[in-house]
Amino acid sequence: MTKTPENVGQARQKRSQTASETYGLMETAVSHLRPRKSSMLLGQVEKQIDAVDQTPDGENILKCASDLCRLNWSLIPPFFETSQNLHKAKDIINPWSQLACELARYDIDVALTYIEQTPAVIGHRSIDSILPWGQLALDALIAAGSETKIWKAVTIYLIEAASYQCGYSLSRWDFFLQQALRIAKVSPPAAEAFIQMGNRMCLL
């Protein structure tokens, strides 16, 4: 059979089983939304899935996307957008994806912030910083357990540490998070204020 441009295009568009399963999960997850909104989301995600499916680490990324989708579908579009920016960092993309999944199992908002702020951390610090930066957030959530509400303080940390205005090292942020954990046992809002205002003090 002669390979025409149309045939070549069809061959390239053929999805792997993992990609098909990921799309199916997303389709089910947004089925409760208004038809127009779900159609727009699925159109966006379909393109992202097909793009990721063609990358060397596509299967691992799609498996993590499936795990995220089972937790909350809103994580999927930003996850794919950021992961595509990391596809050249072969040593980073898989552990980054796995860390996003681990964070999502503890808190969706923290995981979403981690995913969305990753490009800012790369720009402000370095690509090698995104794993220790995210690990500090995960460590804080694990240490807090189910009795201490610290997710808002951790979310603020991820944003503040990614800011171009912040000069603190990650080791310094580790200290702040440990103190925030102690404060959160008494007052979660005070822990949030401590993380936010503590960072801003470096500007004075």
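**The aromatic cluster in its setting**

Reply: The model is predicted, and of the 204 residues of the protein, 43% count as buried. The protein has 11 helices and 0 strands, so that its pattern along the sequence reads α-α-α-α-α-α-α-α-α-α-α under the helix and strand assignment used here. Among contacts between residues at least 6 apart in sequence, 67% link residues at least 24 apart. The exposed surface comes to about 11,300 Å², and carbon and sulfur atoms supply 51% of that area.

Turning to the aromatic side chains, the structure contains 10 aromatic pairs. One of them joins Trp 173 and Phe 176 in an edge-to-face arrangement, with 5.5 Å from centre to centre and 80 degrees between the planes. The angle is classed as edge-to-face because it is over 60 degrees. Both residues belong to helix H10 (residues 170-184), and because they are 3 residues apart there, about one helical turn separates them. Trp 173 and Phe 176 are both buried.

Phe 176 also pairs with Phe 194, again edge-to-face, at 5.7 Å centre to centre and 85 degrees between the planes. Here the partners come from two helices: Phe 176 lies in helix H10, whereas Phe 194 lies in helix H11 (residues 188-200), so the pair ties together parts that are 18 residues apart in sequence. The burial of the two partners can be stated separately. Phe 176 counts as buried because its relative accessibility is 8%, under the 20% limit. Phe 194, at 26% relative accessibility, counts as partly exposed, since this class lies between 20% and 50%.

Both pairs fall within one aromatic cluster, whose members are Tyr 157, Tyr 168, Trp 173, Phe 175, Phe 176 and Phe 194.

Two further sites elsewhere in the chain complete the picture. The ring of Tyr 23 has the charged end of Arg 15 over it, 4.9 Å from the ring centre. Gln 48, in helix H3 (residues 35-53), counts as buried because its relative accessibility is 9%. Beyond its neighbours within four places in sequence, Gln 48 is in contact with Pro 77, Phe 80, Glu 81 and Gln 84.

In summary, Phe 176 takes part in an edge-to-face pair with Trp 173 and in another with Phe 194, the latter pair tying helix H10 to helix H11.

Conventions:
Residues are numbered from 1 along each chain as its sequence is written. This is a predicted model: local features need pLDDT of at least 70, side-chain atom pairs count only at pLDDT 80 or more; totals for chains, interfaces and linings use all residues. Side-chain values use heavy atoms; hydrogens and water are left out. Helices (H or I, at least four residues) and strands (E, at least two) are DSSP runs, numbered from the N terminus. Buried means under 20% relative accessible area, exposed over 50%, partly exposed in between (1.4 Å probe, protein chains only). Contact means heavy atoms within 4.5 Å. Accessible areas come from the Shrake-Rupley method with a 1.4 Å probe; for residues, only the protein chains shown count as cover. Rings of Phe, Tyr and Trp (its six-membered ring) pair if their centres lie within 6.5 Å; planes under 30 degrees apart count as stacked, over 60 as edge-to-face and the rest as tilted. A charge sits over a ring if NZ of Lys or CZ of Arg is within 6 Å of the ring centre and within 35 degrees of the ring normal.
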